[in-house]
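Let's walk through how to read a fold, one feature at a time. Have the viewer open as we go.

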Amino acid sequence: MLTISQLASYAGVTVRTVRHYHQIGLLDEPGRDHSGYRRYDAAAVVRLIRIRVLADAGVPRARVQELLVAGPEEFAHAVREIDTALRADIRRLQRNRERIAELAAGDDLALPRVVVDYLDRLRGLGVGEAYIELERDAWIMLAAQIPDIDAVIAEKHRQLDEDPDTIRLYRLLSSVSEWSPDDPRVVELADIIEQLRIRSVESGEVEVGDADPSDPFAALLDATMAESTPVARRLLAILEQRGWRGWARLERIPEERITRHR
């Protein structure tokens, strides 16, 4: 007959584990002998070893009791079910690992891969992290609203490839957080944005007033942009003086400056 510590050592578990099995009914708790010690027989050793083997194999604690009393066919069926569940858990954990690895890159949280690649391209052009963070947050909001984000990002890449003004714009934006509202570069920034807008309107890429004017999402983007830096408010004021109103959604344009080719 074995004491609880001897039983635990023999079966390769801790005394605390043996007591836990007593509490949840997996292992009967024997009575005490005349010395006040609990004594365990060979059946307890065998049962505890079987419990340990099942637990080490990943069998859920709730099913250990079922397997301990199952016949051969029931045991085999239950093991197949447990194996199927474990395979599903492994696939889920693998997906979680892949997602964690993506999150380690920084920008992947809530962003499609194409947007992350686009942000990396901006970094490669020398755009600073302060502006990258603003652009990233805007894309997190936009990506959830745009059905074909791949096409939108492809157009952004085309602009970088073919339009030198787009690269100039990003390089200016890279340092905009360091400017004062009176910085003369704000006017240069407004000039570039105006030229890009004129070309976009002329080509039909951007429509004016085509979105729902009560769209709260567009209003949120406009407010976020206006509040991003003191420079942003002056930039919007300059553009409005020139006849442009709206940021995410153009509400008004200076018609006299647009030569439509459509």
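Q: What am I looking at, and how are residues numbered?
A: This is a predicted model, where local features need pLDDT of at least 70, side-chain atom pairs count only at pLDDT 80 or more, and totals for chains, interfaces and linings use all residues. Numbering runs from 1 along each chain as its sequence is written, and side-chain values use heavy atoms, with hydrogens and water left out.

Q: How many helices and strands does the chain have?
A: Helices (H or I, at least four residues) and strands (E, at least two) are DSSP runs, numbered from the N terminus. Here you get 12 helices and 0 strands.

Q: What is the radius of gyration of the chain?
A: It's taken over C-alpha atoms, and the globule rule is 2.2 Å times the number of residues to the power 0.38. The chain has 34 Å, while a compact globule of 262 residues would have a value near 18 Å. Its C-alpha atoms fill a box of roughly 105 × 40 × 35 Å along the principal axes.

Q: How do I describe two packed helices?
A: Use the angle between their axes and the distance between the axes. Axes are lines fitted to C-alpha atoms, for helices over the stretch in contact, with angles from 0 to 180 degrees between N-to-C directions. Helix 1 (residues 4-11) and helix 2 (residues 15-24) have axes that come within 8 Å and cross at roughly 100°. That makes helix 1 roughly perpendicular to helix 2 (65 to 115 degrees).

Q: Which residues meet there?
A: With contact meaning heavy atoms within 4.5 Å, Ile4, Ser5, Leu7 and Ala8 in helix 1 meet Val15, Val18 and Arg19 in helix 2.

Terms used
Angles under 35 degrees count as roughly parallel, over 145 as roughly antiparallel, 65 to 115 as roughly perpendicular and the rest as oblique.
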